[in-house]
Amino acid sequence: MNVDMSQYLDVFLEESKEHLTNLNEKLLELERNTDNLSCLNEIFRSAHTLKGMSSTMGFDDMADLTHHMEDMLSDMKEGMIRVDSSVIDVLFSCLDRLQLMLTNIQNGQPKIDNSDLVTILGQFKQGTYPESLENKDAAMAGASPAPDLFAPGNGLIREPDIPFELNEYDLTVLKEAKARDLKVYYVAVKVRPDCLMKSVRVFMVFKALEADGEIIKTIPSAQDLDEGRFEEEFHLILVNHLEAEIIRQRIDSISEVEAAVVRPIPIDIDSVEETAQGPQLDKPLNQKLPTNAPADEGIKTHKVKQTVRVDIEKLDNLMNLVGELVINKGRLEQIGLNQHHTDLNDVIEQMERITNDLQNVVMKVRMVPIEQVFNRFPRMVRDLAKELGKEVDFIIEGKDTELDRTVIDEIGDPLVHLLRNALDHGIEYPQVRSRRGKPTTGLVRLTARHEGNNVFIEVTDDGMGLDLEAIRAKAVEKGLVSPQEVAALNEGQIYDFLFRPGFSTAQNITDVSGRGVGLDVVKSKIESLNGEIFVDSKPGEGTIFKIRLPLTLAIIQALLVKVGGETYALPLSSVDETTMISKSELKMVQSQEVVVLRGKVLPLVRARRLLGTPESEESNDVIYVVVARKGEKQLGIVVDSLLGQQEIVIKSLGKLLAGIPGVAGATILGDGGVSLILDVGTLV
Amino acid sequence: MGGVTLGQEIQVVAFKIGSGEYGVDILEVQEIIKVLSITRVPRADRFIEGVINLRGNVIPVFNLHKRFGVSSELDGEARIVVFQFEETKAGIIVDGVSEVLRIEGDAIEEADKVYHGLEADFIQGVGKIEGRLLILLNMRKLLGIN
């Protein structure tokens with residue numbers, strides 16, 4: 001059967017990436033805790049799934065490499081290969097290779113020769129010590145796929161779904177098998193849905209298995225199987241002396257078999273005997289048999305959520321439509337206000353509630369946990385620390401914090417940069433650290449959290465901190481500021497130089513960072529997402545980079561103001577408060593208008609002047625001031641009047657008007673007119 | 001390629017800016033609308049009149065009067081001609097749209113034979129039709145769309 005696989009390519013790539021992420025994550029976990037067998041099992045399963053998928057898709061190179069990985073993992077599971085750093089390293093390089101292969105597949109590039117890795121994997125395998133049952137049992141007792149099948153006390157073999165009733169006879173056979181050092185396997189076989197002669201396949205499977213062993217139990221019954229009376233899968237318990245992998249290969253080689261799972265069942269006859277009543281062997285074997293090799297036992301189950309993959313474009317469309325709805329809702333509200341019609345206003349109120357709910361749902365749909373971005377960092381930090389010869393503990397907090405999909409897609413690179421900075425320039429070498437009385441292992445912390453309509457992401461290190469003097473000197477050297485001026489600058493202003501293009505204080509340019517492409521790129525990226533970045537540092541104690549990002553880019557709360565007859569919107573996220581002052585409160589400090597607000601001096605700017613609207617004398621004595629935030633500073637913007645707070649839909653001004661300082665975009669108001677959204681950051 | 005292709009019969013939308021008659025390839029014109037309320041964009045290029053709401057899309061409107069150095073008194077005849085180039089939409093204000101004309105390729109004089117210098121850059125050619133002269137514009141160049 002020759003099926004066109006290309007239509008599945010997207011799914012394959014997507015799923016493979018997920019598995020790779022999972023593999024990286026679990027491998028790191030395993031590295032930290034080499035006894036963690038459930039982790040190892042998960043790695044094994046992911047590798048196995050990858051193998052299955054890639055061979056189905058005809059990517060032999062990938063299938064081959066994963067096959068060898070699986071071999072090694074299987075030996076690791078059985079305790080024949082000890083989990084140590086060299087093993088982990090090899091597996092990591094395999095993962096990197098797999099990643100490369102995926103990229104190649106995606107770009108239609110040729111296959112890769114993996115014989116180097118395969119050879120290394122093979123060497124590990126040859127270096128194994130002879131199998132001993134004790135060893136194996138010990139290893140299994142930990143947490144292998146079906147470790148506690150026979151739960152102590154009740155003699156039940158847990159795991160739901162398909163019950164295996166074992167009678168006296170079966171138990172005797174099992175006991176005998178144990179005595180003869182034979183292994184007991186649970187085997188699940190799934191035939192293709194389009195398989196025509198199922199009974200023939202069953203026969204072939206039986207024949208293949210019974211050549212070297214004995215099938216002691218089947219579900220459904222042997223007779224039903226003979227007559228082909230089963231859906232797509234059947235299950236059996238097999239006793240023989242072969243390795244699981246060999247058995248699986250045998251079954252796999254039979255045509256029209258879609259997948260087979262072979263898992264050893266650890267035999268604990270004693271506990272079985274304790275319960276004279278026929279124990280029940282419950283086996284999980286869900287429909288997703290090939291991908292989700294069963295086995296997910298009790299304690300630490302990875303819950304699989306029901307999900308649907310949706311093209312992001314469709315979500316964008318949905319968002320646009322909701323945006324239109326919000327705009328028209330605004331118009332209706334305005335009409336309702338003028339009409340004073342009770343029924344109409346009732347309906348409008350209802351509409352408003354529904355629209356709000358709808359909007360919330362759509363926003364939530366677009367939200368994804370930042371985990372997606374964070375997940376690749378532990379691996380990166382580990383590799384980097386190794387490369388730099390530094391010791392680093394990496395802590396991630398708040399990875400379930402959700403952000404709009406568009407933000408998620410963009411935030412990865414800036415974070416990579418900040419993390420690299422922290423490792424390269426922040427954290428000191430172990431010797432240096434111990435000399436300074438710090439623990440030799442540095443700490444890098446990456447956190448994310450919600451705060452109001454914003455998400456804060458912080459990268460903290462406990463390294464040497466920023467060198468104010470070096471930054472000052474560099475700023476002067478680069479001609480960004482004169483030596484006289486630099487003395488007057490405060491810390492914040494000096495740190496700001498770090499975000500200037502081409503500014504790097506690193507004395508040595510390493511491979512990792514310090515090549516002059518840097519924080520300015522990070523800053524501009526974050527600003528393009530309507531966010532902000534701050535830095536703070538204590539010499540000798542560390543540095544913190546703080547990023548503020550809006551939850552979503554599509555619909556925001558805004559303050560509408562009038563300036564010279566024009567209406568402008570100010571994102572509420574950059575407005576601290578609004579206030580009214582009388583003209584007499586205005587003061588001049590060095591030709592700068594200021595006002596004293598609750599004891600603090602607030603510099604004022606005139607929106608009319610900034611926006612070039614016709615200047616006219618204010619007739620009344622009151623002045624409206626919007627207290628806005630620019631970076632960490634406050635600033636009063638003088639406007640003609642305040643119109644109120646409103647939800648607005650952000651519309652792009654398009655390519656032709658991109659990059660006008662002070663203008664972040666436009667929105668359509670209830671009356672159908674266009675208002676510009678001001679960007680406080682670049683306005684002044 | 002956008003713009004007016006020389007050498008064959010083309011259909012152009014003819015409009016007036018000031019007293020001059022201009023034409024653009026009909027394939028580049030998305031629609032012609034009445035002048036809506038235009039929102040000024042501070043700090044934008046001075047040839048940009050502002051932005052309008054075109055059925056939920058915000059699009060920029062150019063003022064070619066300023067560009068061509070003619071005075072504009074927008075009256076009831078004034079229209080906005082909306083162009084679409086791939087993803088980008090933009091409009092220009094005109095003092096009136098007269099008609100859609102067919103012009104034979106050999107009735108078009110290439111621009112560099114008529115004009116010299118910078119101005120010729122966005123002028124594709126000059127069409128002669130029944131004694132009238134129609135300046136054919138290269139809107140991509142004029143609006144700065146690549």
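Colleague: How many residue pairs are in polar contact between chain B and chain A?
Modeller: The count is 6, with both residues at pLDDT 80 or more. A polar contact is a pair of N or O atoms within 3.5 Å; within protein, one must be able to donate a hydrogen and the other to accept it, and residues adjacent in sequence count only if both atoms are side-chain atoms. pLDDT is the predictor's confidence in each residue, from 0 to 100.

Colleague: Which strands of chain B supply residues to that side?
Modeller: Strand 4 (48–54), strand 5 (57–62) and strand 7 (88–94) of chain B each give at least two residues to the side touching chain A. Strands here are DSSP runs (E, at least two residues), numbered from the N terminus.

Colleague: Which side chains meet in a salt bridge?
Modeller: A:Glu566 and B:Arg40, at 2.7 Å, N to O.

Colleague: How much area gets buried?
Modeller: About 1,700 Å² between the two chains, 61% of it on carbon and sulfur atoms. B:Arg40, B:Arg43 and B:Val58 supply 38% of chain B's share, more than any other three residues. Buried area is the accessible area (1.4 Å probe) that two parts lose on being put together, summed over both.

Colleague: New topic: what about confidence?
Modeller: This is a predicted model; local features need pLDDT of at least 70, side-chain atom pairs 80 or more, while totals for chains, interfaces and linings use all residues. Side-chain values use heavy atoms, without hydrogens or water. Chain B averages a pLDDT of 83. The complex gets an ipTM of 0.87 and a pTM of 0.48 from the predictor.

Note on methods: Residues are numbered from 1 along each chain as its sequence is written. Chains are lettered from A and ligands numbered from 1 in the order in which they are written. A salt bridge is a side-chain nitrogen of Lys or Arg within 4 Å of a carboxyl oxygen of Asp or Glu. Helices (H or I, at least four residues) and strands (E, at least two) are DSSP runs, numbered from the N terminus.
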